[in-house]
Structures are given as structure tokens and as C-alpha cells.
Amino acid sequence: MDFEVEIDENSGFCFGVVNAIAKAEKELEAGKELYCLGDIVHNGAELKRLQDKGLKIINHGDMPSLHGKTVLLRAHGEPPSTYRVAGRNDINIIDATCPVVLRLQGKIRNAYSGHPDRQIVIYGKNGHAEVNGLVGQTESKAIVVENESDLQKIDFSRDVVLFSQTTKPKDGFRKLKEAIAERISPDCSFEAYDTICGQVSGRMEKIAGFAASHDLIIFAGGLKSSNAKALFETCRRVNPNTRFVSSPAEVLPEWLEGVSKVGICGATSTPKWQMEDIRQTILKIKGNN
């Protein structure tokens, strides 16, 4: 039986992650001390690679005690409070916020400013780094909803403006939009803006086609990545024989029994080199058999 292993050409880092890592590597290769506020990418293997080069990961609690250091802001974006702390402490900011996220922050800020009666609702994951930055544009007054059960947080007798975290699935946004439209008072206004990244949403359809055309799918992603979870579920819906791994060591030989065509794909936070390592691991397993 012929055996084939294919890496999805559409998987791998999105522009925002590529940009953030390039900026970090430029500083590190110049021998400069560099801190990153939060994990630069939700992928343990890539994070370790950069930490081995000297990148130091800090959290928001560390920021007030830093003075005169250089801190990279990752693609997810930050709330205004982060910039204020940096200004007070003479911290040099390297801003790698994704342009798509920056535009969304501006839209939310404009929708909130001067409209005290308007409820800003964000479809996103509570506590996610990007969502924290978006909520910060509203003095922390935005309402975060992850699913229809969260709609109880909204006062349907007041105006509502709905936005979305850039990496959420379009279908989920559509369902929430319809649910809010059904419940809101006819005397109130309701505006909904699909602010999901086109590059990310386009991957849903492409990765579904890739998953459907293989006997087995090995999905590589970080356990902290929301995008990885969403894309993995997309794969699993069309191909139940889909496995999630965070490293090549997690690939089990029994998964390869009776299959002839294996596909490897990943999230916007999955490096191509990790997918290639998984491919080599699979070929080694088959060679040993």
C-alpha cells in the first residue's frame, strides 16, 4: 500500500504572528535584552525556541517594576493601561500588535466614546489576551459573550453594538447576531460588525477541504491557542479521524495503522518547522515498521 504524508500549505503562522516573531528575532540577534508581555505565540515549541535565544516572558504584574527596559507587545494587542505603565516607567515599547487587531481596537473605541447608553458587546473568549485589549478600549465596560447562554448579561432595553474577536468562527458570530436581533427591544438600535480576520476565517473552509481529503489528520497546535481549538474542531467535524498534538512525540504508531494518506495541518500559531518535524516522525515510524 502506498503511503503519503502531506503538510497543508495554508497552515502556519498568520501575518500578525510572523511580524511579531520577526521583530523579536531582530532584537535578539542584535544581542539586545528583550522582554515580551505574555507568550509571544500560543505554541510551546516555538516559545521555547525564542526563549532559548534570550526572549524573556513577563506578565502584567511585572510591568510596574520594570524601568528603562525594552518590551515587545505581541500580536494580540494591549489595553491603554499597558501603554500608560510603559510611559511612566520609561519602557521602550516594540509594538507588534496585528494591524487587524489595531483597527478593531479603534472601531470599538470610537463606538464607545461619547455614547454612555450604548452597550458594547464583544463575541470572544473571556480572559483571552486580544479580548482584554478590546475591553480596555471601553474602560472595561464592554460585555464579553462566548455563546448564547451569555446573552443574559445584555440589557435588551438598551442600544447594542456587537463586535467579534478576530479569531472567532463566523458561524458563531452569525448565531449570536441573530439571537440578539430577536431579543432586542424594537425601540433600541442594534449594530453588528463582523470583525473576524479574513485570513483566519478563510482557513476554516480551506482546512475543512484538506481534512476531508485524507485518511488521518494530525493537527499540530498549542493547548493555549483558541484558534487551534477552533480549527481542530473544524477538521474533526469533516474527518472524525483527526488527532491533536503539541509535539512530534505525541504521534502514536497505532494511529497510522491501515491509513495510506496522512495530512498534517495547524493553527495560525503553529510554525511550519513543527509540522515538518511531525512529518519526519511519521515517516520514521513507518520506516521502522
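Select F210 first: apart from neighbours within four places in sequence, F210 contacts E6, I7, D8, I217, G263, I264 and C265. The model on display is a predicted one. F210 belongs to helix α7, which covers residues 198–212. Its relative accessibility is 8%, under the 20% cut-off, so F210 counts as buried.

Next, display helix α6, residues 170–183. Its 14 residues should span 20 Å at 1.5 Å a residue, and the end C-alpha atoms are 20 Å apart, in agreement with that expectation. Within α6, colour G172, F173, L176, A179 and I180, which are buried. Viewed down the axis of α6, the buried residues fall within an arc of 130 degrees and therefore line one face of the helix. What do the buried residues of α6 pack against? Their partners are the strands β6 (119–123), β7 (143–145), β8 (160–164) and β9 (190–192).

Move on to helices α1 (residues 15–29) and α2 (residues 44–52). Packed helices are described by an angle and a distance between their axes. For α1 and α2, the angle is about 20 degrees and the axes are 10 Å apart. Because angles under 35 degrees count as roughly parallel, α1 and α2 are roughly parallel to each other. To see the contact itself, show the side chains of I21, E25 and L28 in α1, which meet E46, R49 and L50 in α2. By class, this contact of α1 with α2 comprises three nonpolar, no polar and three charged residues.

Then select N43, in the loop between β2 (35–37) and α2. Is N43 buried or exposed? With a relative accessibility of 2%, N43 counts as buried. Beyond neighbours within four places in sequence, N43 is in contact with G221, G222, S269, T270, P271 and Q274.

The last stops concern backbone geometry. Most residues other than glycine have a negative phi. Select D90, in the loop between α3 (80–88) and β5 (92–95); the phi of D90 is near 55 degrees, a positive value in a residue other than glycine. D90 is exposed, with a relative accessible area of 61%. Finally, go to E139, in the loop between α5 (129–135) and β7. E139 has a positive phi near 55 degrees and is not a glycine. The relative accessible area of E139 is 57%, which makes this residue exposed.

Key:
Residues are numbered from 1 along each chain as its sequence is written. This is a predicted model: local features need pLDDT of at least 70, side-chain atom pairs count only at pLDDT 80 or more; totals for chains, interfaces and linings use all residues. Side-chain values use heavy atoms; hydrogens and water are left out. Helices (H or I, at least four residues) and strands (E, at least two) are DSSP runs, numbered from the N terminus. Buried means under 20% relative accessible area, exposed over 50%, partly exposed in between (1.4 Å probe, protein chains only). Contact means heavy atoms within 4.5 Å. Axes are lines fitted to C-alpha atoms, for helices over the stretch in contact, and angles run from 0 to 180 degrees between N-to-C directions. Angles under 35 degrees count as roughly parallel, over 145 as roughly antiparallel, 65 to 115 as roughly perpendicular and the rest as oblique. Ala, Val, Leu, Ile, Met, Phe, Trp, Tyr, Cys and Pro count as nonpolar, Asp, Glu, Lys and Arg as charged, and the others, Gly among them, as polar. The expected span of a helix is 1.5 Å times one less than its number of residues. The arc is that of the directions from the helix axis to the C-beta atoms.
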